[in-house]
Amino acid sequence: MIRRKGKRFVSSTTYRLNDTADFGSEERSRLRYITETRFSQEWNSTLHTHSCSELFFVTGGQGSFCVRNQEFPTEINDVIVVNAKVPHAEQSQADAPLSYIVLGVEHLETTGDIGGCTVLHLQERASRFAACLQLMLQEARGEAEGWEAICQNLLEIMLRWLTRHDDVSFNATTISEGSKANRECDLVRRYIDNHFKENLRLDELAAVAHINKYYLSHAFQKQFGTSPISYLISRRIQESRYLLTDTDLSLSQIAHILGFSSLSYFSQSFRRLEGVSPMEYRRQYRQQGHEGTENN
């Protein structure tokens, strides 16, 4: 998935394991997805949460990581473990764009000291983790028989390696009543992130998670504080900001690219979320850029 076009973008590909995959005991930490992400130049995410824990393996570049209200630098060979439901965001350095691999893991909790987060510096031990991660990606891309079980086993190997550090430990979390709903909503949100330019309807989103659309609306609102359709519109508007500033596409072209049914609907949605019209947003951005050039 390419999240942004133009001078600044982030590319991200996610490989999701089948929810019905049988890995034995329900108490085991279970791998749910593998995401490979690469930033180009500067890109800043906003604080967000996930229904499962995430392990970030930084494979290149430099930047910073924000967890709750704390921010710390990160670079190649760092590992950041973030518990489920902990707000976090990634910041990429412009001259050294971040790249990393994320493992989404259920029933895992770190006992770190940064508000539900642990940071490790692998240093000389990084090569063994890199080999496991590349094997994971190779299996996920090929989808040969048994690939999910292989990736699960590789996860457990890496978790055992990580616990050899004196300053890290993991607890197995129990399955809560809301875990299934959280997983379903997270699946829908990721689907929107990958397909927000398409003509998505609530019925289609509910079908992705195999749940009733009314149940989806209620659960999504409860988990993310917004409805699925409102989240879809916000993703489109987020993308439109960069098309307005980094391209010369007309408003009609941008509205069409992003899946809006009409130019007026795009303009109305943009003004509601940004407080100005798309054309005014573009004008202000270019005026500020011109003033910055003159000041230099």
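**Terms and the values behind them**

Modeller: The secondary structure of the chain comes to nine helices and twelve strands, where helices (H or I, at least four residues) and strands (E, at least two) are DSSP runs numbered from the N terminus. This is a predicted model, in which local features need pLDDT of at least 70 and side-chain atom pairs count only at pLDDT 80 or more, whereas totals for chains, interfaces and linings use all residues. Residues are numbered from 1 along each chain as its sequence is written, and side-chain values use heavy atoms, with hydrogens and water left out.

Biologist: What makes helix H1 roughly antiparallel to helix H2?

Modeller: Helix H1 (residues 126–142) and helix H2 (residues 147–162) pack at an angle of about 165 degrees, with their axes 9 Å apart. Angles under 35 degrees count as roughly parallel, over 145 as roughly antiparallel, 65 to 115 as roughly perpendicular and the rest as oblique. H1 is therefore roughly antiparallel to H2. The axes are lines fitted to C-alpha atoms, for helices over the stretch in contact, and angles run from 0 to 180 degrees between N-to-C directions.

Biologist: Which residues make this contact, and how do they divide by class?

Modeller: On H1 they include Phe129, Leu133 and Met136, and on H2 they include Trp147, Leu154 and Trp161; contact means heavy atoms within 4.5 Å. The contact of H1 with H2 has 14 nonpolar, no polar and two charged residues. Here Ala, Val, Leu, Ile, Met, Phe, Trp, Tyr, Cys and Pro count as nonpolar, Asp, Glu, Lys and Arg as charged, and the others, Gly among them, as polar.

Biologist: Why is H4 called roughly perpendicular to H5?

Modeller: H4 and H5 pack at an angle of about 85 degrees, with their axes 9 Å apart. That angle falls in the perpendicular range, so H4 is roughly perpendicular to H5. Leu202, Asp203, Leu205 and Ala206 of H4 meet Lys213, Leu216 and Ser217 of H5. These residues divide into four nonpolar, one polar and two charged.

Biologist: His210 lies in the loop between helix H4 (202–209) and helix H5 (213–224). How do you know whether His210 is buried or exposed?

Modeller: Buried means under 20% relative accessible area, exposed over 50%, and partly exposed in between (1.4 Å probe, protein chains only). His210 has 73% relative accessibility and therefore counts as exposed. Phi of His210 is near 60 degrees, a positive value in a residue other than glycine.

Biologist: And why is His107 called buried?

Modeller: His107 has a relative accessible area of 9%, so His107 is buried. His107 lies in the loop between strand E9 (99–106) and strand E10 (109–110), and phi of His107 is near 60 degrees.

Biologist: What makes Ser53 buried, and which backbone atoms does its side chain approach?

Modeller: Ser53, in strand E4 (residues 53–60), has 2% relative accessibility and therefore counts as buried. A polar atom of the Ser53 side chain lies 3.3 Å from the backbone nitrogen of Ala84, and the side chain reaches the backbone oxygen of Leu108 at 2.6 Å. A polar contact is a pair of N or O atoms within 3.5 Å; within protein, one must be able to donate a hydrogen and the other to accept it, and residues adjacent in sequence count only if both atoms are side-chain atoms.

Biologist: Why does Thr247 count as buried?

Modeller: Thr247 has 16% relative accessibility, so Thr247 counts as buried. Thr247 lies in the loop between helix H6 (228–246) and helix H7 (251–257).
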